[in-house]
Amino acid sequence: MSKKIKLTLLKLAELCGIFALCRYWYRHHLRVLCYHGFAYADEHQFRPKLFMTPQTFAARLQYLANSPYQIVSLSEGLAHPDRPLQLALTMDDGWSGTSELVGDALAKHKFPLMLYVTSYYADKQIPVLNVAVSYLLWKTSASALHLQVPGVADSIDVSLPSPNTAVLVKQICQLIDQLPEAAARAEVLYQLADQLQVSLHQQGRPLFRLLDADELRGLQQANVELQLHTHRHCSPLDAEALATEISQNRQWLAQFIPKEQLVHFCYPSGEYQQAHLPLLQQNGVLTATTTHIGLHKQGSDVLQIRRILDGEDVHWLELEAELSGFSNLVRQVLGVAN
Ligand SMILES: [Zn+2]
């Protein structure tokens with residue numbers, strides 16, 4: 001269905017009062033909204049679900065402020081299933097724009113927000129490699145790429161655009177990751193950006209950076225709660241490897257809040273299997289959010305909390321269709337719930 005037809009149908013549903021009916025019908029379901037990063041330049045065109053313009057995000061917060069939804073923390077929303085129309089805000093990864101671009105908007109509203117921080121790149125303060133490389137390949141108009149990493153025997157020589165960008169991104173990252181020092185990896189990345197004639201800076205500020213310690217502390221003042229998202233943004237099924245990921249992440253975040261309060265988790269990239277659930281419990285995780293779309297029915301598994309993914313490409317009618325529960329109803333009727 002084209003987006004235009006979809007929006008027309010949603011507008012009709014709204015005008016007929018179906019959104020309002022669904023809002024009432026699903027009033028005791030918890031709405032959990034999910035955000036990621038923000039665009040300094042054109043990152044919202046590169047990945048509209050990963051990067052939103054600060055203007056759109058500020059408008060979203062204002063929309064929520066004027067809405068019938070009660071903005072609560074995730075813990076509060078789960079603790080009071082009897083309260084109607086509760087909505088919790090979550091944000092994944094901890095991109096630097098959360099402070100530099102939308103910090104003022106967050107401070108203005110002071111809505112409770114759970115920020116799941118992946119700590120490796122936050123600690124190293126170099127661009128997130130796979131995302132930065134994907135952006136370079138998306139943006140460049142160069143017809144070839146040559147990558148030689150100092151001290152590494154392998155090299156990459158390819159024509160662009162690549163027939164399989166995802167594979168090329170992986171190859172480039174594997175090559176650069178052979179450098180043990182983070183600073184050296186960043187240097188190679190910036191050299192590659194120069195070669196491809198794409199800037200990884202906007203007005204002197206680096207793109208694809210995660211929040212540093214000072215910025216994270218500043219966000220805590222704006223009612224932002226920092227929680228777990230693994231150290232290296234992965235959720236291995238191997239019990240020991242997952243325990244290491246969570247404990248390194250918890251250890252790093254313990255500089256901001258006591259370890260015993262770091263009990264909320266978000267699956268990196270939304271990837272998980274049923275076998276993860278007991279492993280999370282063994283590692284002291286009390287709640288976990290997924291990227292399964294929908295509302296959280298109170299009483300259902302708190303280690304598999306559904307969320308609504310907002311993005312630059314999401315029209316406000318589509319957002320309200322999700323928040324009201326209308327889209328939930330449609331998916332149930334059509335039998336397409338994920
Ligand atoms: Zn993530």
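This note sets out numbered points on the predicted model shown above.

1. Overall build. The protein contains 16 helices and 14 strands. Its radius of gyration is 21 Å, close to the 20 Å that the globule rule gives for 338 residues, so the protein is as compact as a globular protein of that length. The C-alpha trace spans about 65 × 50 × 40 Å along its principal axes.

2. Of the 338 residues, 52% count as buried. The protein exposes about 15400 Å², and carbon and sulfur atoms supply 53% of that area. Among contacts with a separation of 6 or more, 70% are between residues 24 or more positions apart.

3. Domains. The domain assignment divides the protein into domain 1, made of residues 3-115 and 223-334, and domain 2, made of residues 129-205. The C-alpha centres of domain 1 and domain 2 are 31 Å apart. Where the domains meet, twelve residues of domain 1 are in contact with seven residues of domain 2.

4. Leu78 is placed in helix H5, which covers residues 74-79. Is Leu78 buried or exposed? With a relative accessible area of 19%, Leu78 is buried, because the cut-off for that class is under 20%. Leaving aside residues up to four places away in sequence, Leu78 touches Leu30, Thr287, His296, Gln298, Val302 and Ile305.

5. Phe256 belongs to the loop between helix H13 (239-253) and strand S12 (264-266). Despite its place in a loop, Phe256 counts as buried, at 11% relative accessibility. Beyond residues up to four places away in sequence, Phe256 touches Ala213, Leu216, Arg217, Gln220 and Leu226. For Leu216, the separation from Phe256 is 40 residues along the chain and 8.1 Å between C-alpha atoms.

6. The structure holds 14 salt bridges. One of them joins the side chains of Glu14 and Lys11, with an N to O distance of 3.0 Å. Both residues lie in helix H1 (residues 3-15), three residues apart, which is about one turn of the helix. Glu14 counts as partly exposed at 25% relative accessibility, and Lys11 counts as partly exposed at 33%.

7. Which parts of the chain does the pair of Glu100 and Arg209 tie together? The side chains of Glu100 and Arg209 meet in a salt bridge of 3.4 Å, N to O. Glu100 lies in helix H6 (residues 97-100), and Arg209 lies in the loop between strand S10 (205-206) and helix H12 (213-220), so the pair ties together parts that are 109 residues apart in sequence. Glu100 is partly exposed, with a relative accessible area of 29%, whereas Arg209 counts as buried at 9%. The side chain of Arg209 also meets that of Glu215 in a salt bridge, at 2.9 Å, N to O. In this second pair, Arg209 and Glu215 are both buried.

8. A salt-bridge network. Lys3, Lys6 and Glu318 are linked in a network of salt bridges. Side chains of opposite charge can pair when their charged atoms come close.

9. A nonpolar surface patch. Which residues form the nonpolar patch on the surface? The patch is formed by Leu329, Val330, Val333, Leu334 and Val336, which together have about 440 Å² of accessible area. Leu329 lies in helix H16, which covers residues 326-334. Leu329 is partly exposed, with a relative accessible area of 31%, and it can therefore be part of the patch, for which over 30% is required.

Note on methods
Residues are numbered from 1 along each chain as its sequence is written. This is a predicted model: local features need pLDDT of at least 70, side-chain atom pairs count only at pLDDT 80 or more; totals for chains, interfaces and linings use all residues. Side-chain values use heavy atoms; hydrogens and water are left out. Patches are made of residues with over 30% relative accessible area and no salt bridge: like charges are joined within 9 Å, nonpolar side chains (Val, Leu, Ile, Met, Phe, Trp, Tyr) within 5 Å. Accessible areas come from the Shrake-Rupley method with a 1.4 Å probe; for residues, only the protein chains shown count as cover. A salt bridge is a side-chain nitrogen of Lys or Arg within 4 Å of a carboxyl oxygen of Asp or Glu. Helices (H or I, at least four residues) and strands (E, at least two) are DSSP runs, numbered from the N terminus. Buried means under 20% relative accessible area, exposed over 50%, partly exposed in between (1.4 Å probe, protein chains only). The radius of gyration is taken over C-alpha atoms; the globule rule is 2.2 Å times the number of residues to the power 0.38. Contact means heavy atoms within 4.5 Å. Domain bounds come from an automatic or database domain assignment.
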